[in-house]
Amino acid sequence: MRIGSAAEAKSGISASNPDMIVVRGHDLSKGLIGHISFTDHVWLLITGLAPDESQRRVLDATLVAIAEHGLVPSVVAARMTLAAAPEALQGAVAAGILGCGSVILGSSQAAGDFFHEIAEAAKASGDMDGTIRETVTRYRAAKRAIPGYGHPLHKGGDARAARLFEVAAEAGLSGEHIKVARAVEALLPELIGKALALNVSAAIPAVLLDAGFPVKALKGIPILARTASLVGHLLEEQLRPIGFIMAHEASSAITYDGTSPEGFVANEG
């Protein structure tokens, strides 16, 4: 018995024969390799269309903005995995990417869905501020975080977000979703009682949506970018290993408070 929806058994991304590999309608060997950048190829693979110069610039900027941010949990997980299984680079990369969730990296998708919802509703109502108030109030009532706002380090403003908005403006692609993102930031003090700075996970979907990138593929951009960073960290882990140092520091930082046999004293560090 087949499980799932009744869909046609077709794909429009790639096909091949003994003489040619076709990707999104293009001859891979003669038409793409050596002719387009990887950023172009990403846009083509996801949307089926070649990006224009402005779209390329915005996508490229978002990939650069989110690729690296130090020893964040995804990087720590990857480096410690490689320390334990040095033969499995692919497993270490996967370990890092598996941590792409609602707190780390994945919040760009949540913010993009949030902006898209507001933009569509505001288009119908003609009242952006009213739509933002209604949406934020509904999120708060459901105890949902407002995605893309606030940062544990960049409390006064995220320089990456500001630069992405500048790039979008320079590319002529500053549009409705950036307006929504900025309007939400301006209204948050009134709506939740405190100011929260717009962060890079809000700027990425805002600029990409204004560039015509599909909302359902937004989460893939931070995943793609962080993969490149993980490969860099994992090369360094092989040359200058710190995975077991991080494991030791984690063990030292945690105090055991469970029950113990009489006379037992846990090691400290």
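Arg24 comes out as partly exposed, because its relative accessibility is 21% and the label covers whatever falls between buried (under 20% relative accessible area) and exposed (over 50%), using a 1.4 Å probe and protein chains only. The model here is a predicted one, in which local features need pLDDT of at least 70, side-chain atom pairs count only at pLDDT 80 or more, and totals for chains, interfaces and linings use all residues. Residues are numbered from 1 along each chain as its sequence is written, and side-chain values use heavy atoms, with hydrogens and water left out.

Arg24 sits in the loop between strand S2 (20-23) and strand S3 (26-27). Strands (E, at least two residues) and helices (H or I, at least four) are DSSP runs, numbered from the N terminus. Arg24 isn't a glycine, yet its phi is positive, at about 50°.

Lys143 isn't a glycine either, and its phi is positive too, at about 60°. Its spot is the loop between helix H7 (128-141) and helix H8 (159-170). With a relative accessible area of 78%, Lys143 counts as exposed.

Thr39 belongs to helix H2 (residues 38-47). Setting aside neighbours within four places in sequence, Thr39 is in contact (heavy atoms within 4.5 Å) with Arg56, Leu59, Asp60 and Leu63. With Asp60, the side chain of Thr39 also makes a polar contact of 2.7 Å. That term means a pair of N or O atoms within 3.5 Å; within protein, one must be able to donate a hydrogen and the other to accept it, and residues adjacent in sequence count only if both atoms are side-chain atoms.
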